[in-house]
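Opened the notebook for another chain today. I want to look up the pocket, the nonpolar cores and a couple of loop residues.

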Amino acid sequence: MNALSRRHLLGAAGGIAAATIFGPDVWAQAKDKLVIGMSLEPPVLDPTKNAAAAIREITYQNIFESLARIDSKGAIGPGLAESWTISPDGLVYTFKLRSGVKFHDGESLDAAVVKFALDRLFAADSTVPAKSLYTDIDRVEAVDSSTVKITLKTPNSYLLYNIALCDAAILHPKSAPTNDKQPVGTGPFMFKERKEGDSITLVKAPTYRDAGAIKLNTVIFKVVKDPSAQVSALLAGDVDTFPGFQAPELVERLKKDARFAVVVGTTEGEVILATNNGKKPFDNPKVRQAMAHAINREELIAAESGYGTPIGSHFAPHNKAYIDLTKTYPLEIAKAKALLAEAGYPNGFEASLKLPPVGYAQRAGEVLASQLGKIGVKVAITQLQWPQWLSEVFKERNYDLTIVAHTEANDIDRYARDGYYWNYNSPEFKAKWREVVAATDFAKRDELLKECQRIIARDAVNGYLYQLAKIGVWKKELLGMWENSPTPAVDLTGVSWKA
């Protein structure tokens, strides 16, 4: 039996049964395919139409590319632009595009296409979720077919980073209207099919400029929501990797299994008790401060089997501008009750807690309900599916409390956004954030970022719980997976099976 025939039979038989029938030799032959487990199903496949991290995890650097790219270490390097220059006043960025870049449908990349894609981000009628990141752009010009110039209204020290995000993916005018269901990009993989509720399949794109360097031919993102089912899928061989494993209590078991590598790294995900600051009684700072005094982070992290780092503000502990504000509101039940009484709620109140379908939120929800109950806040938990959460909580802001990890780097900027789902409106913070983005001296910027952290901690905008760990589990023969998660991505450009 030749290798091709054996691969065909392995795919037909499926999973552990095929491996048992044909043995490890055949398993070693089928290494142009990868099955990746995902906890959440993306609502759409266009990052400019929805804020869900799952969209970016699948599409960033795989289907879609941006002018610059974020690598596994969080560094910014060339993407669709091979180089760029910045004017001395920090207002003009000139990008030189790579030559010969094609979209998956055969359309060519040029400066006019880039201008179209970037103009959509900051247009007056733009509905892009991350629009506020790009409103400092005054205009985008196609200087010639391979040169794009971005002129800012005011200096923005995060411009390159923002241009590197999946939110700034370069889309073609022809395919942009249908990218939510049939995404067409310039990346190494192209969309093949989606089975709602089950999987999304990508295949190697023949149009990719460096297709020979891509080792995988087929990639299947398999949706496995239940943490225990994730373990079963790994043990059965139905899934090759969970880059974001959601059952920390079972990590030790997997560490003892010689088939797997278990790699614990960092994420940009601040897990917060998100609070609707525009709704009574949460519009009262004393109520929010009282809840902050009731939070026991040690218990919450214990529920994650110890995987997590305490935070006291919306900022990643591994960032050099981080300051430890976990003692701003120490665990003091008596103080919390006194603050509630001062706010007019001596007997507490009732509140709803709407939870998304992810393991960390489910575990933290039960713990927090108990903790808040000790100060008289009676929490009723409602379980939502991901599309419901995105609609009710994130979009419509129809909630009291929720728990979620905000997984993008530098996302403290959300506290300056008008209409963001927390309903926080602080002229003081907005003014400080403007200073941050205008700072060209990075040491000064770090000091300003510390002031931003202090403002939202003081205001107890949300309950700041812990930094989510990245628990990656994959077969030991798999090479090139990211240890850390500097941006939501499962970048497969450098992933391969050991020969």
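Here are my entries, one topic at a time.

**Ground rule.** I'm working from a predicted model, so local features need pLDDT of at least 70.

I started with the largest pocket, which comes out at a volume of about 890 Å³. I then asked which of its 38 lining residues sit closest to the centre: Pro129, Lys131, Ser132, Arg417 and Tyr420. Next I checked the helices. H5 (159-164), H12 (386-395) and H13 (427-438) each supply at least two residues of that lining, and H12 gives the most, with five. I also sorted the lining of the largest pocket by residue type and got 16 nonpolar, ten polar and twelve charged.

In soluble globular proteins, nonpolar side chains tend to be buried together. I looked up where that happens here. The largest nonpolar core has 102 residues, and the ones that touch the most other members are Phe221, Tyr421, Phe429 and Trp433. Helix H11 (residues 359-373) gives the most to this core, with seven residues. There's also a second, separate core of 41 residues, with Tyr93, Leu109, Ala130 and Val148 among them.

Leaving out residues up to four places away in sequence, Trp433 touches Tyr158, Asn410, Ile412, Asp413, Ala416, Leu449 and Cys452.

**His314.** Where does His314 sit? I found His314 in the loop between strand E13 (309-310) and helix H10 (333-342). Is His314 buried or exposed? His314 counts as buried because its relative accessibility is 1%, and the cut-off for buried is under 20%. I then went through its side-chain partners. The His314 side chain makes a polar contact with the side chain of Asp411 at 3.1 Å and another with the side chain of Tyr415 at 2.9 Å. Not counting residues up to four places away, the residues His314 touches also include Glu270, Ile272, His406, Trp422 and Tyr464. Ile412 turns up again: Trp433 touches Ile412, and His314 does too.

**Pro243.** My last stop was another loop, the one between strand E11 (241-242) and helix H7 (251-255), where Pro243 lies. Pro243 has 9% relative accessibility, so I logged Pro243 as buried. What does Pro243 contact, leaving aside neighbours within four places in sequence? I listed Ile36, Gly37, Lys470, Ile471, Gly472, Met481 and Val490. I followed up on Ile36: Pro243 and Ile36 are 207 residues apart along the chain, and their C-alpha atoms are separated by 7.6 Å.

Terms used
Residues numbered from 1 in each chain as written. Predicted model: local features only at pLDDT ≥ 70, side-chain atom pairs only at ≥ 80, totals over all residues. Heavy atoms only, no water. 1 Å grid on protein atoms, 1.4 Å probe; cavity = no way out; pocket = protein on both sides within 12 Å on 5 of 7 lines; lining within 4 Å. Points joined across faces, edges and corners; volume = space filled by probe spheres on them. Helix = DSSP H or I, 4+ residues; strand = E, 2+ residues; numbered from the N terminus. Nonpolar A, V, L, I, M, F, W, Y, C, P; charged D, E, K, R; others polar. Core = buried A, V, L, I, M, F, W, Y, C linked by side-chain atoms within 4.5 Å. Buried < 20%, exposed > 50% of the residue type's maximum accessible area, 1.4 Å probe, protein only. Contact = heavy atoms within 4.5 Å. Polar contact = N/O pair within 3.5 Å; in protein donor to acceptor, adjacent residues only side chain to side chain.
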